[in-house]
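Biologist: Could you take me through this model before I start using it? I would like to go from the overall outline down to single residues.

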Amino acid sequence: MEKQVLTQEEIQSLKNIQNYQLFLVEQLGVLEYKIQILELEKQKLKQNIQKQLKEEEEIGKQLQQKYGEGSINLEKGEFTPTS
């Protein structure tokens, strides 16, 4: 079978496709990198949420030991005991 020569247009079309594929792969890599950074930030926020919930629980226990069962109005700084 005899070799055939591609036209310049065909070669350029194939090069354009190849270049665009490389661009897409690069962009996918950049996007995955950003996703990993966001995942790390998400983990940190989850840890902060856990710390905050633990602190909230501890403060609630302290206030309950001091004042008993009831509700607190933060705006007025008042505790109302439950009957």
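Modeller: What follows goes from the overall outline to the helix, the hairpin and the surface.

Modeller: This is a predicted model, in which local features need pLDDT of at least 70 and side-chain atom pairs count only at pLDDT 80 or more, while totals for chains, interfaces and linings use all residues. Residues are numbered from 1 along each chain as its sequence is written, and side-chain values use heavy atoms, with hydrogens and water left out.

Biologist: Fine. Which elements does the protein have, and in what order do they run from the N terminus?

Modeller: There are one helix and two strands, and from the N terminus on they run α-β-β. Helices (H or I, at least four residues) and strands (E, at least two) are DSSP runs, numbered from the N terminus.

Biologist: And the overall shape, compact or spread out?

Modeller: With that α-β-β order, the protein is more spread out than a compact globule, because its radius of gyration of 32 Å is well over the 12 Å that the globule rule gives for 83 residues. The radius is taken over C-alpha atoms, and the rule is 2.2 Å times the number of residues to the power 0.38. Along its principal axes the C-alpha trace spans about 100 × 20 × 15 Å.

Biologist: What percentage of the residues count as buried?

Modeller: Of the 83 residues, 0% count as buried, where buried means under 20% relative accessible area, exposed over 50%, and partly exposed in between (1.4 Å probe, protein chains only). The protein exposes about 8,600 Å², and carbon and sulfur atoms supply 55% of that area; accessible areas come from the Shrake-Rupley method with a 1.4 Å probe, and for residues only the protein chains shown count as cover.

Biologist: Now the helix. What span should helix 1 have, and how far apart are its ends?

Modeller: Helix 1 covers residues 8-67, and at 1.5 Å a residue its 60 residues should span 88 Å, which agrees with the 86 Å between its end C-alpha atoms. The expected span is 1.5 Å times one less than the number of residues. After helix 1 comes Gly-68, whose phi is positive, near 90 degrees.

Biologist: How many salt bridges are there?

Modeller: The count comes to one salt bridge, defined as a side-chain nitrogen of Lys or Arg within 4 Å of a carboxyl oxygen of Asp or Glu. The side chains of Glu-57 and Lys-61 form that contact, at 3.3 Å from N to O.

Biologist: Where do Glu-57 and Lys-61 lie relative to one another?

Modeller: Both are in helix 1, four residues apart, about one turn of the helix. An α-helix has 3.6 residues a turn, so residues three or four places apart point the same way. Glu-57 is partly exposed at 46% relative accessible area, and Lys-61 is also partly exposed, at 48%.

Biologist: Switching to the strands, how do strand 1 and strand 2 pair?

Modeller: Strand 1 (residues 70-73) and strand 2 (residues 78-81) pair in the antiparallel sense over four bridges; strands count as paired if DSSP finds at least two bridges between them. Asn-73 has Glu-78 as its bridge partner in strand 2, and Ser-71 has Thr-80.

Biologist: What about the turn of that hairpin?

Modeller: Four residues lie between the two strands of the hairpin, and Gly-77 in the turn has a positive phi of about 70 degrees.

Biologist: Last topic, then: which residues form the nonpolar patch on the surface?

Modeller: The patch consists of Ile-59, Leu-63, Tyr-67, Ile-72 and Leu-74, with about 500 Å² of accessible area together. Patches are made of residues with over 30% relative accessible area and no salt bridge, with like charges joined within 9 Å and nonpolar side chains (Val, Leu, Ile, Met, Phe, Trp, Tyr) within 5 Å. Helix 1 gives the largest share of the patch, three residues. Leu-63 lies in helix 1 and counts as partly exposed at 32% relative accessibility.
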